[in-house]
Amino acid sequence: MEFVSPEGLRLDGRRPLEMRQLRAEIGSISKADGSAVFEMGNTKVIAAVYGPREVENKSQQISDKALVRCEYTMANFSTGDRVRKPKGDRRSTEISMVIRQTMESCILLEKFPQSQIDIFVQVLQADGGTRSACINAATLALADAGIPMRDLVTSCSAGYLNSTPLLDLNYVEDSAGGPDVTVGLLPKMDKVTLLQPDVALPEIMQMDSKLPIDIFENVMQLAIEGCKAVAIYIREILLENTKQLEYRRGK
């Protein structure tokens, strides 16, 4: 299958280095301490944050920092697939852990000892890049909750199809079987907090594998640039939200 046309266009009309359209909304769930909807093209995710609050299970309490819990789910209608996935399946558990660890890298946990922060993310519509969309939504929800962070953590994917590096894969590209990587970044600190290739790292290091190391580095750098673009957009959304709040208070 040809994923990039001779004219240099992808199946959805984008150029290889072009991201999908980003959309976001803050404060979607009134009962949550912080919430956000984040869209990357046709992928749509909602995130809600509760806390910091008292730890429910005292045996999990940490004396010098906050406990972070994360739950990732996919709405049954998100893919159009009639097969219902059981709650707590292996993939959901793994993605929940990835999101939790990524958010722990940016939250100033030491400011909230003996407390817990709960992050819930749900995929409403899936079209590739769901992990990245979840991390971006969670970042916005944490900011909406007023939880202090070292930096905004943002995420984006990139892949390699038809001998071409592609930024921000949709579902068709993501499921084509080519190598891809999802990156999480603290952009101001220029620190990578998540690096998830779809092939094992030892494979990447072998020059006869499907993704030689030099190409892997190019694809990874492309994903990092995507993260930086997402960070610019998220800062714009937060600034606009602050202006709206100030305007309402001034009324």
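Modeller: The model is predicted. Asp151 has a relative accessibility of 6%, so it counts as buried, the limit being under 20%. Asp151 sits in the loop that runs between helix 2 and strand 6 (154-161). A polar atom of the Asp151 side chain lies 2.6 Å from the backbone nitrogen of Lys188. Lys188 is also among the residues in contact with Asp151 once neighbours within four places in sequence are set aside; the others are Cys106, Leu186, Pro187, Met189 and Arg235.

Helix 1 covers residues 90-104, and its 15 residues should span 21 Å at 1.5 Å a residue; the end C-alpha atoms are 21 Å apart, so the two values agree. The buried residues of helix 1 are Ser92, Ile95, Ser96, Val98, Ile99, Thr102 and Met103. Because these residues cover an arc of only 165° around the axis, they lie on the same side of helix 1. The elements that cover them include strand 4 (67-74), strand 5, helix 2 (130-144) and strand 9 (191-197).

That leaves the aromatic rings. The count comes to two aromatic pairs. One of them joins Phe38 and Tyr233, with 6.3 Å centre to centre and 75° between the planes, and is edge-to-face. Phe38 belongs to strand 2 (residues 34-40) and Tyr233 to helix 5 (residues 213-250), so this pair ties together parts that are 195 residues apart in sequence. Phe38 has a relative accessible area of 0% and is buried; Tyr233, at 17%, is buried as well.

Tyr50 and Phe120 also form an edge-to-face pair, at 5.9 Å centre to centre and with 80° between the planes. Tyr50 lies in strand 3 (residues 43-54) and Phe120 in strand 5 (residues 115-125), 70 residues apart, and the pair links these distant parts of the chain.

Terms used:
Residues numbered from 1 in each chain as written. Heavy atoms only, no water. Phe/Tyr/Trp six-rings, centres within 6.5 Å; stacked < 30°, edge-to-face > 60°. Helix = DSSP H or I, 4+ residues; strand = E, 2+ residues; numbered from the N terminus. Buried < 20%, exposed > 50% of the residue type's maximum accessible area, 1.4 Å probe, protein only. Expected span 1.5 Å × (residues − 1). Arc of directions from axis to C-beta. Contact = heavy atoms within 4.5 Å. Polar contact = N/O pair within 3.5 Å; in protein donor to acceptor, adjacent residues only side chain to side chain.
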